[in-house]
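Please find below a colleague's note on the model under review.

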Amino acid sequence: MLLRQLAEGMTEALAAGDVEAARIAHETIGRLLGTPDADAGGVIDLAAERTRRGG
């Protein structure tokens, strides 16, 4: 449940343009899963999102 809430919060942060909050949520998900680059359902590729947004 915590992972789902973090993923939802990360998605909402990205939709609001808050890439820093999304990055923190992404890193937290990775730590909870025990991997630095976790790829769980709902996890967004932040590098791709930054590129998409021109940042």
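The points that follow treat the basis of the model, its confidence, its fold, its core, its surface and its salt bridges.

1. Basis of the note. The model is predicted, so local features are reported only at a pLDDT of at least 70 and side-chain atom pairs only at pLDDT 80 or more, whereas totals for chains, interfaces and linings use all residues. Residues are numbered from 1 along each chain as its sequence is written, and side-chain values use heavy atoms, with hydrogens and water left out.

2. Confidence. The mean pLDDT of the protein chain is 82, where pLDDT is the predictor's confidence in each residue on a scale from 0 to 100. A value of 70 or more is reached by 80% of the residues. Helix 1 has the highest confidence, at a mean of 93, and helix 3 (residues 46-52) the lowest, at 79.

3. Secondary structure. The protein chain contains 3 helices and 0 strands, in the order α-α-α from the N terminus. Helices here are DSSP runs of H or I with at least four residues, strands are runs of E with at least two, and both are numbered from the N terminus.

4. Of the 55 residues, 25% count as buried; buried means under 20% relative accessible area, exposed means over 50%, and partly exposed lies in between (1.4 Å probe, protein chains only). Contacts are defined by heavy atoms within 4.5 Å. Among contacts between residues at least 6 apart in sequence, 50% join residues at least 24 apart. The accessible surface of the protein chain comes to about 3700 Å², and carbon and sulfur atoms account for 54% of that surface. These areas come from the Shrake-Rupley method with a 1.4 Å probe; for residues, only the protein chains shown count as cover.

5. Nonpolar core. Which residues make up the largest nonpolar core? This core has 9 residues: Leu6, Ala7, Met10, Ala13, Leu14, Ala22, Ala25, Ile29 and Leu46. Helix 1 and helix 2 each supply at least two of the core residues, and helix 1 gives the most, with 5. A nonpolar core is a set of buried Ala, Val, Leu, Ile, Met, Phe, Trp, Tyr and Cys residues joined through side-chain atoms within 4.5 Å. In soluble globular proteins, nonpolar side chains tend to be buried together.

6. Leucine 6 and alanine 25. Leucine 6 lies in helix 1 and counts as buried, at 19% relative accessibility. Neighbours within four places in sequence aside, leucine 6 is in contact with Ala25, Thr28, Ile29 and Leu32. With the same exclusion, the contacts of alanine 25 are Leu6 and Met10.

7. Nonpolar surface patch. Leu2, Leu3, Leu32 and Leu33 form a nonpolar patch on the surface, and their accessible area together is about 330 Å². Helix 1 (2-15) and helix 2 (19-33) are the elements that give two or more residues to the patch. Patches are made of residues with over 30% relative accessible area and no salt bridge, with like charges joined within 9 Å and nonpolar side chains (Val, Leu, Ile, Met, Phe, Trp, Tyr) within 5 Å. Leucine 3, found in helix 1, is partly exposed, with a relative accessible area of 32%.

8. The structure holds 3 salt bridges, each being a side-chain nitrogen of Lys or Arg within 4 Å of a carboxyl oxygen of Asp or Glu. One of them joins glutamate 8 and arginine 4, at 3.9 Å from N to O. These residues are 4 apart in helix 1, and therefore separated by about one helical turn. Glutamate 8 is partly exposed at 40% relative accessibility, and arginine 4 is partly exposed at 49%.

9. Glu20, Arg23 and Glu27 are linked in a network of salt bridges. Arginine 23 meets glutamate 20 at 2.4 Å (N to O) and glutamate 27 at 2.6 Å (N to O). Arginine 23 and glutamate 20 are 3 residues apart in helix 2, about one helical turn, while arginine 23 and glutamate 27 are 4 residues apart, also about one turn. Arginine 23 counts as partly exposed at 23% relative accessibility, as do glutamate 20 at 44% and glutamate 27 at 32%.
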